[in-house]
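Colleague: I have not worked with this structure before. Could you please take me through it?

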Amino acid sequence: MPSSADLLEPLRRGEPRALGRAISWMENGHPGARDLMASLWPHLGRAVVIGITGSPGAGKSTLTDRLARALRAEGQKVGILAVDPTSPFSGGAILGDRIRMQRIAADPGIFIRSMATRGALGGLARATQDAIDLLDAAGYDTVIVETVGVGQDEVDVVSCVQTCCVVLVPGMGDEIQAIKAGIMEVADLFVINKADRDGADQVEQELTAMKSLAPPRPWDPPVLRTVAQQGEGIPELLDRVREHGAWLRAHGGLARKARERARLRFESLLAEAALRRARAQAGSERLEAAIQAVADHAQDPYTAVAGILGEP
Ligand SMILES: Nc1nc2c(ncn2[C@@H]2O[C@H](COP(=O)(O)OP(=O)(O)OP(=O)(O)O)[C@@H](O)[C@H]2O)c(=O)[nH]1
Ligand SMILES: [Mg+2]
């Protein structure tokens, strides 16, 4: 079995096999995972991370594919993480994506990985953040994170990215309302994809109306149109992503985001470690008994937790 030291060099050279294995290590809580991260940590923070999020079928993968090809044409190395909180499978089982992305998958300058719920210790957001860090350490210039727009899981995933692009399509109707909750606040850019279809004007109007109702933000997320299938609007999208990056740098946003990410990660690891420790110290039986007592209304949860922690 390779040690983290064995993995480190090929990983730093950007070898896809080492990268794939390292991502699995982090997902599965391999004993060498912590050492590996410790060795890499000083080298991180170089990669630009772009999030592409939106409803199923909005064209996220097509956009991602186009963006990746545009960045490759500039000579960049590109990592793609396809995050699907609704899928129990991981390791590349998103068949449609695989077929669509076959063309770019053959390019050694592009690394693609599907991330799904199963097997990701500590949740998808953490697994995604770890994978981003590994790609960063492996010399990938840009990482594109594609997530389906559903609930908290993906809002957490969005916290991993530098620039979050929310993809809308014409004819969404009520869906635009649904997207408002949570996603409105995290969007750095709105992309109206499938602009070749009728109704792009209407989505844009609804979006503008929604933006005007939201509390003003220091960065006003621009709205742009793309036809990902034809590659239309992709250079403009990249320009806007870079503008946002420049704005972040000029306003201390990168440091602020880095600190927020560090806090989320630190606190979730700490909470998990505290639970593990409590379980080890009190014993699983006592913990289960306490949970049952709460369920039976024999004891309230606050008192039960204090009891496990030995607090008065
Ligand atoms: N008309 C039109 N179709 C598009 C455009 N972009 C993508 N499509 C098509 O929309 C369908 C869905 O595209 P995907 O890129 O798989 O969408 P997705 O958001 O990744 O889908 P999921 O990952 O399944 O949520 C495909 O058939 C694409 O060819 C576009 O700009 N115009
Ligand atoms: Mg997709």
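Colleague: How many helices and strands does the protein chain have?

Modeller: The protein chain has 14 helices and seven strands, taken as DSSP runs (helices H or I, at least four residues; strands E, at least two) numbered from the N terminus. This is a predicted model, in which local features need pLDDT of at least 70, side-chain atom pairs count only at pLDDT 80 or more, and totals for chains, interfaces and linings use all residues. Residues are numbered from 1 along each chain as its sequence is written, chains are lettered from A and ligands numbered from 1 in the order in which they are written, and side-chain values use heavy atoms, with hydrogens and water left out.

Colleague: Which residues are the protein donors of the magnesium ion (ligand 2)?

Modeller: They are Ser61 (OG) and Glu146 (OE), 2.1 to 2.2 Å from the ion. Ser61 belongs to helix H4 (residues 60-73) and Glu146 to strand S4 (residues 142-148), so the pair links distant parts of the chain, 85 residues apart. Donors are N, O and S atoms within 2.8 Å of the metal (3.2 Å for Na, K and Ca); water is not among the atoms, so sites may look incomplete.

Colleague: Is Ser61 buried or exposed?

Modeller: Ser61 is buried, at 7% relative accessible area. Buried means under 20%, exposed over 50%, and partly exposed in between (1.4 Å probe, protein chains only). Glu146 also counts as buried, at 7%.

Colleague: Turning to H10, which of its residues are buried?

Modeller: Ala200, Val203, Leu207 and Met210 are buried in H10. They lie on the same side of H10, because they cover an arc of only 90° around the axis, judged by the directions from the helix axis to the C-beta atoms.

Colleague: What is exposed on the other side of H10?

Modeller: Gln205, Ser212 and Leu213 are exposed there.
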